Amino acid sequence: VFAILRVVQAGLRPHIIFTTDEEKGCLGAEKLSSLDCPFDDLRYIIELDRRGADDCVFYDCDNKDFIKYVEGFGFVEAWGSFTDICCLMPAWGIAGVNLSVGYRDEHSQYETLWVSHLLNTIDKVIKMLSVEVEDIPQFEYIESKWSYNKFWNAAYGYDDWGNSYGSCGNALFASTHLCDHCERHFLWEELIPVFGLDKKTKYYCCDCI
């Protein structure tokens, strides 16, 4: 919210979406994605909710031109699991990106915010949005063939048309494991084993490690 306000205070007027309950499963974004996109001239979506200093995460969106465009502003592509734009991008057919805002050790008692990283991202976003609207390319959502949406549909036993096919989902879950921190399902190869001081091994996803 602070970053958005700084962008507006800089004199820019992008479309703005505030969502609720992202940490409960992107409930607000999921509800919004059931509606038609309210913006006729939407070029792409920026979300400001990523850890680190210069990450840009595209999730299931595999638009190579868009990735190259965002990296041109000083970001580096990284991997992420799930967030609000994962609901909005496929529903509206618009590419999106989640940018670093300086989070460190988020979702833990040691969570901190590196303000210099946040301010640096704000400057980059202002630069991205300071172009005349007609000069900003429109980037469509191109789903990756390794789409997490397809994975979750399969895991929960639904095909691409929302039809339940029961036991297939349970069979897929048998080959997955919960992250011991966020408790989401991941394929085994996506988890990192950590041998703790308590002599026990726990498994963490890339976001939680």
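Which residue lies over the face of W114, and at what distance from the ring centre?

## Charges over rings

R104 lies over the face of W114, at 4.1 Å from the ring centre. A charge is taken to sit over a ring if NZ of Lys or CZ of Arg is within 6 Å of the ring centre and within 35 degrees of the ring normal.

## Basis of the model

This is a predicted model, in which local features need pLDDT of at least 70 and side-chain atom pairs count only at pLDDT 80 or more, while totals for chains, interfaces and linings use all residues. Residues are numbered from 1 along each chain as its sequence is written, and side-chain values use heavy atoms, with hydrogens and water left out.

## Aromatic pairs

A search of the whole structure finds seven aromatic pairs, where rings of Phe, Tyr and Trp (its six-membered ring) pair if their centres lie within 6.5 Å, and planes under 30 degrees apart count as stacked, over 60 as edge-to-face and the rest as tilted. One of them joins F58 and F66 in an edge-to-face arrangement, with 5.5 Å from centre to centre and 80° between the planes. F66 also pairs with F139, and here the rings are tilted, at 5.0 Å centre to centre and 45° between the planes. Because F66 lies in helix α3 and F139 in the loop between α5 (115-129) and α6 (148-155), this pair ties together parts that are 73 residues apart in sequence. Helices (H or I, at least four residues) and strands (E, at least two) are DSSP runs, numbered from the N terminus.

F58 is buried at 1% relative accessibility, F66 is buried at 0%, and F139 is buried with a relative accessible area of 7%. Buried means under 20% relative accessible area, exposed over 50%, and partly exposed in between (1.4 Å probe, protein chains only). Ring pairs link Y44, F58, F66, Y69, F73 and F139 into a cluster.

## Helices α1 and α5

The axes of α1 and α5 come within 10 Å and cross at roughly 45°; axes are lines fitted to C-alpha atoms, for helices over the stretch in contact, and angles run from 0 to 180 degrees between N-to-C directions. The two helices α1 and α5 are therefore oblique to each other, given that angles under 35 degrees count as roughly parallel, over 145 as roughly antiparallel, 65 to 115 as roughly perpendicular and the rest as oblique.

At this contact, F2, A3, R6 and V7 in α1 meet L118, L119, I122, V125, I126 and L129 in α5, with contact meaning heavy atoms within 4.5 Å.

## Residues in loops

Most residues other than glycine have a negative phi. D21, which is not a glycine, has a positive phi of about 60°; D21 is found in the loop between α1 (2-9) and α2 (27-33) and is partly exposed, at 36% relative accessibility. E183 likewise has a positive phi, near 60°, and is found in the loop between β6 (176-178) and β7 (185-187), where E183 counts as exposed at 58% relative accessibility.

G72 has its place in the loop between α3 (64-71) and β3 (76-78) and is exposed, with a relative accessible area of 60%.
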